[in-house]
Amino acid sequence: MRIIILSLFLVGFLSACNTSRPLTNLHDHNIEYLVDNGETLEDVKLSILRAGQSLGWEMTPLKPGLIRGTLKLRAHTAIVKIPYNMKSYSIIYVDSVNLDYDGKNIHRSYPRWVNNLKVKIDDFIATR
């Protein structure tokens with residue numbers, strides 16, 4: 001019985017130490033219901049820029065309909081591209097430093113950072 005309990009404890013401990021999660025990109029997140037009549041693509045762009053900046057992302061417009069976001073936290077860096085239009089936007093992984101991306105999995109904090117960015121962008125579009 002003691003061996004079973006110790007084994008279960010060890011399995012739980014080791015699973016808690018897992019620091020990676022599957023990388024998933026956000027594709028074509030619908031914003032049509034958030035965009036008011038009369039708003040322009042420039043308004044959507046400004047909402048994305050301000051939302052990212054409010055969370056500490058460096059937001060760089062690359063061309064109409066495309067922004068690069070860079071988040072630097074301690075020794076970690078995440079870089080995403082954010083293509084957008086009046087109907088949707090995406091947040092797509094580009095590169096990272098010290099996030100242990102192996103082609104499939106990435107540091108466990110990355111999905112939270114991207115989700116926080118998504119929520120904040122939606123908030124900024126909705127309240128524009």
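Colleague: Where is threonine 77 found?

Modeller: Before I answer, please keep in mind that this is a predicted model, in which local features need pLDDT of at least 70 and side-chain atom pairs count only at pLDDT 80 or more, while totals for chains, interfaces and linings use all residues. Residues are numbered from 1 along each chain as its sequence is written, and side-chain values use heavy atoms, leaving out hydrogens and water.

Threonine 77 is found in strand 5, which covers residues 76-83 (strands are DSSP runs of E with at least two residues, helices are runs of H or I with at least four, and both are numbered from the N terminus). Threonine 77 counts as buried because its relative accessible area is 13% (buried means under 20%, exposed over 50% and partly exposed in between, with a 1.4 Å probe and protein chains only). If we leave aside its neighbours within four places in sequence, threonine 77 is in contact (heavy atoms within 4.5 Å) with Thr70, Leu71 and Lys72, and also with Asp95, Ser96, Val97 and Leu99.

Not counting residues up to four places away in sequence, threonine 60 touches Leu66, Ile67 and Arg68. The C-alpha atom of threonine 60 is separated by 9.5 Å from that of lysine 81, although the two residues are 21 positions apart along the chain.

Some of the contacts of threonine 77, among them Asp95, Ser96 and Val97, bring us to strand 6, residues 88-97, where tyrosine 93 lies. By the rule for aromatic rings, the count comes to two pairs (rings of Phe, Tyr and Trp, the last with its six-membered ring, pair if their centres lie within 6.5 Å, and planes under 30 degrees apart count as stacked, over 60 as edge-to-face and the rest as tilted). One of them joins tyrosine 93 and tyrosine 101 in a tilted arrangement, with 4.5 Å centre to centre and 45° between the planes. Tyrosine 93 is buried, as its relative accessible area is 13%, whereas tyrosine 101, at 33%, is partly exposed. Tyrosine 93 also pairs with tyrosine 110, this time edge-to-face, with the centres 5.8 Å apart and the planes at 80°. Because tyrosine 93 belongs to strand 6 and tyrosine 110 to helix 3 (residues 110-126), this pair ties together parts that are 17 residues apart in sequence. Tyrosine 93 and tyrosine 110 are both buried, and ring pairs link Tyr93, Tyr101 and Tyr110 into a cluster.

To place these details in the whole, the protein chain has three helices and seven strands, which run from the N terminus in the order α-β-β-α-β-β-β-β-β-α. Of its 128 residues, 38% count as buried. Among the contacts in the protein chain with a separation of 6 or more, 53% are between residues 24 or more positions apart.
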